[in-house]
Amino acid sequence: AGPGLLAVTLFVNVCFGTHVGWTMLAYYAIYHFAKQPFGILCLYKARCGEHCPREHQWDYWTCIAGAAIPTLINHVGGQREHLGW
């Protein structure tokens with residue numbers, strides 16, 4: 001995702017401004033940080049022999065919600081001055 005993400009970010013920065021570009025990049029970083037614990041969880045579950053597809057989806061959405069919900073609460077709560085992007 002490196003060169004492609006860089007190209008998209010540069011395009012958005014040029015066409016829509018740096019505020020939009022950096023905001024999109026920050027949201028992608030939050031998504032990436034949410035997927036890291038999910039990947040580690042998958043490694044441990046595979047090592048223990050757990051392969052239930054329903055639990056896999058539950059684990060995925062739990063990890064994503066763990067990163068998305070605090071961000072959404074921060075946006076809805078009107079505390080945007082704490083966001084540094």
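**Figure 1. Helix α3 from end to end.** At 1.5 Å a residue, the 24 residues of α3 should span 34 Å, and the end C-alpha atoms of α3 are 33 Å apart, which agrees; the expected span is 1.5 Å times one less than the number of residues in the helix. A kink of about 30° in α3 is centred on Ala65, where the bend at a residue is the angle between axes fitted to the seven residues ending there and the seven starting there. This is a predicted model, in which local features need pLDDT of at least 70 and side-chain atom pairs count only at pLDDT 80 or more, while totals for chains, interfaces and linings use all residues. Residues are numbered from 1 along each chain as its sequence is written, and side-chain values use heavy atoms, with hydrogens and water left out.

**Figure 2. The protein chain and its elements.** The protein chain has three helices and zero strands, and from the N terminus on its elements run α-α-α; helices (H or I, at least four residues) and strands (E, at least two) are DSSP runs, numbered from the N terminus. Of the 85 residues in the protein chain, 19% are buried, a term that means under 20% relative accessible area, with exposed meaning over 50% and partly exposed in between (1.4 Å probe, protein chains only).

**Figure 3. The buried residues of α3.** Asp59, Cys63, Ile64, Ala67, Thr71, Asn74 and His75 are the buried residues of α3, and what covers them includes α2.

Figure 4. Aromatic pairs in the model come to three, counting rings of Phe, Tyr and Trp (its six-membered ring) whose centres lie within 6.5 Å, with planes under 30 degrees apart counted as stacked, over 60 as edge-to-face and the rest as tilted. The rings of Tyr28 and Tyr31 have their centres 6.4 Å apart and their planes at 45°, so this pair is tilted. Both residues lie in helix α2 (residues 18-48), three residues apart, which is about one turn of the helix. Tyr28 counts as partly exposed at 35% relative accessibility, and Tyr31 counts as partly exposed at 37%.

**Figure 5. The ring pair between α2 and α3.** With centres 5.2 Å apart and planes at 80°, the rings of Phe38 and Tyr60 form a pair that is edge-to-face. Phe38 lies in helix α2 and Tyr60 in helix α3 (residues 53-76), so the pair ties together parts that are 22 residues apart in sequence. Phe38 counts as buried, at 10% relative accessibility, and ring pairs link Phe38, Tyr60 and Trp61 into a cluster.

Key. Contact means heavy atoms within 4.5 Å.
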